[in-house]
Amino acid sequence: MNSGILGTSLRLLRDGLLHTLLFCSTYLQEISLGFKQGFFKYFQLQYSKKLRSKMRCSLMRLARPVVTTRGFCTKPEKIVASVLFERLPVVVPKIDPVVYAFQEFSFRWQQQYRRRYPDEFLDKANARGQGDYQIDYVPAPRITEADKTNDTKSLQRALDRRLYLVLYGNAYGSPSKKPVWHFPQKLYEAEDTLRKCAESALQSVLGDLSHTYFVGNAPMGHMVIQPTDTAPDAGYKQFFFKSQVIATNKFRIGKCEDFSWVTKDELLEYFPEQAEFFNKMIIS
């Protein structure tokens, strides 16, 4: 009986030792794995910090000569909203002689193969519309008094062309603050959108926007005015918005010394330095 108890005690002791050893080995493995992972993360973090610092230093070395030579600054960029205010053609433009010759030839060609109607039908058609109520229509002349006197302040000129409003006076970025020819413009400050700024610029000149129509919300073009040696802080971006005259032929132009309604060809003469840019931007 004593031997049986002793054998049972020995087996229990053996099993306890085996469980203890198994638990210790598992615990040591987890500790080793955690140490390896923690060391790897630590090494990775340190390596990434060194790599970022090296990249920062290399970028600074590359950017330093560019900044020193070109003179970049951290000042906010200035934006100017300008309005290309136009009057659409009033009469149908004259047909090009080549186009007119082709239309005449096409009409004569179709007349050869047209369907011939009975004479009775044609007589009835000719008799219709005759009476005392007929009024002889005399078209108005295409050449007005403003065309003859070259009155550029009148909208009653160049009726078959588009006219554009240009102002003479102080403009943003003008050299030595001297009056120059320019479009209605305003420096963008705290308006909600750039179009609101353009509307404010045109309203300051006309006093009212009831006879105007802005075409779209996006600008039709823009140019970058580079700073000069005499005015290093005069650089800005100028965005152009299109607006059209609606249901009127006269405006009270203010806030300028002089103004003119000019065609595209005349406008290019007002801005010789930007003539190529305006020639591409304005399609008429």
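**Briefing: burial, charges, rings and strands**

R157 counts as buried, at 5% relative accessibility (buried is under 20% relative accessible area, exposed over 50%, partly exposed in between; 1.4 Å probe, protein chains only). This is a predicted model, so local features need pLDDT of at least 70 and side-chain atom pairs pLDDT 80 or more, while totals for chains, interfaces and linings use all residues. Residues are numbered from 1 along each chain as its sequence is written, and side-chain values use heavy atoms, with hydrogens and water left out.

**Salt bridges**
- The count is twelve salt bridges (a side-chain nitrogen of Lys or Arg within 4 Å of a carboxyl oxygen of Asp or Glu).
- One of them joins R157 to E266, at 3.1 Å from N to O.
- That pair ties together distant parts of the chain, 109 residues apart: E266 belongs to helix α6 (residues 264-270), and R157 to the loop between α4 and β2 (helices, H or I of at least four residues, and strands, E of at least two, are DSSP runs numbered from the N terminus).
- E86 is buried, at a relative accessible area of 1%, while R162 is partly exposed at 25%.
- Within helix α2, R108 and E104 make a salt bridge (3.3 Å, N to O); they are four residues apart, so about one helical turn separates them.
- R108 is exposed at 55% relative accessible area, and E104 is partly exposed at 29%.

**Aromatic rings**
- There are 14 aromatic pairs (Phe, Tyr or Trp rings, the six-membered one for Trp, with centres within 6.5 Å; planes under 30 degrees apart are stacked, over 60 edge-to-face, the rest tilted).
- F183 and F278 count as edge-to-face, because their ring centres are 5.4 Å apart and their planes are at 65°.
- The two are 95 residues apart in distant parts of the chain, with F183 in the loop between β3 (180-182) and β4 (185-187) and F278 in helix α7 (residues 275-281).
- Both ends are covered: F183 is buried at 2%, and F278 is buried at 3%.
- F278 also forms an edge-to-face pair with F277, again at 5.4 Å and 65°, though F277 is partly exposed at 25%.
- Ring pairs put F183, F240, F271, F277 and F278 into a cluster.

**Around strand β7**
- In β7 (residues 236-245), eight of the ten residues are buried.
- β1 (residues 79-87) runs parallel to β7, joined by eight bridges (strands pair if DSSP finds at least two bridges between them).
- S82 stands opposite F240 in β7, and F240 is also a member of the ring cluster.
- β5 (residues 212-214) is antiparallel to β7 over three bridges, with F214 opposite S243.
- β6 (residues 221-225) is antiparallel to β7 too, through five bridges, and I225 sits opposite Y236.
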